[in-house]
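The following paragraphs lead the reader through one protein model, element by element. Please keep the sequence and the structure in view while reading.

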Amino acid sequence: MGRSSRRRSAGAATGGRLGRIVFGGILGGVALGLLFVSQDYWRRGLLTAGGVLLVAAVLRLCLPTRQVGMLAVRGRVFDTVTLVVLGVAVIVLTCTVPYSGG
């Protein structure tokens, strides 16, 4: 194994570690939103999940592809647009349900 291949594998391990942290944070945020939903705080939970999807979109747009881990599915623009559309859809649909006050 040459010097350059060792450097590349060390760089890939660092990017992979950050990617796992980013993806784990996004997954944890969505799980927190679903936990709120399961505790009958459905509006707060869905707004949390939608907000986390928007944060994921910003991270996918700003971070290099090597460092986003499993958030990189297709191209940067496609992934970002998809996450923004899903996040906004969840937030808008949550806000359109009338508050019952109960």
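**A walk through the helices**

Aspartate 79 has its place in helix H3, which covers residues 76–96; helices here are DSSP runs of H or I with at least four residues, strands are runs of E with at least two, and both are numbered from the N terminus. The model is predicted, so that local features need pLDDT of at least 70 and side-chain atom pairs count only at pLDDT 80 or more, while totals for chains, interfaces and linings use all residues. Residues are numbered from 1 along each chain as its sequence is written, and side-chain values use heavy atoms, with hydrogens and water left out.

Is aspartate 79 buried or exposed? Aspartate 79 counts as buried because its relative accessibility is 5%; buried means under 20% relative accessible area, exposed means over 50%, and partly exposed lies in between (1.4 Å probe, protein chains only). Aspartate 79 forms a salt bridge with arginine 60, in which the closest N and O atoms are 3.0 Å apart. This pair links distant parts of the chain, since aspartate 79 belongs to helix H3 and arginine 60 to helix H2, 19 residues apart. Arginine 60 is buried, as is aspartate 79. A salt bridge is defined as a side-chain nitrogen of Lys or Arg within 4 Å of a carboxyl oxygen of Asp or Glu, and by this rule the count comes to 1.

The side chain of aspartate 79 also has a polar atom 2.9 Å from the backbone nitrogen of valine 73. Not counting residues up to four places away in sequence, aspartate 79 touches Arg60, Leu71, Ala72, Val73 and Arg74, where contact means heavy atoms within 4.5 Å.

Leu71 leads on to helix H1. Phenylalanine 23 is placed in helix H1 and touches Met70 and Leu71, residues up to four places away in sequence not being counted. With a relative accessible area of 24%, phenylalanine 23 is partly exposed.

The loop between helix H1 (3–38) and H2 holds aspartate 40. Its phi is near 70°, a positive value in a residue other than glycine. As a general rule, most residues other than glycine have a negative phi. Aspartate 40 is exposed because its relative accessible area is 67%.

Helix H2 (residues 42–62) includes tryptophan 42, which counts as partly exposed at 34% relative accessibility. Together with Leu46 and Val97, Trp42 forms a nonpolar patch on the surface, with about 220 Å² of accessible area in total. Patches are made of residues with over 30% relative accessible area and no salt bridge; like charges are joined within 9 Å, and nonpolar side chains (Val, Leu, Ile, Met, Phe, Trp, Tyr) within 5 Å. The areas come from the Shrake-Rupley method with a 1.4 Å probe, and for residues only the protein chains shown count as cover. Threonine 94, in helix H3, touches Trp42, Arg43, Leu46 and Leu47, not counting residues up to four places away in sequence. Threonine 94 is buried, with a relative accessible area of 3%.

What of the cysteines? Cysteine 62 counts as exposed at 57% relative accessibility, and cysteine 95 counts as exposed at 52%. A disulfide is a pair of cysteine sulfur atoms within 2.5 Å, and by this rule the count comes to 0.

How values were computed. Polar contact = N/O pair within 3.5 Å; in protein donor to acceptor, adjacent residues only side chain to side chain.
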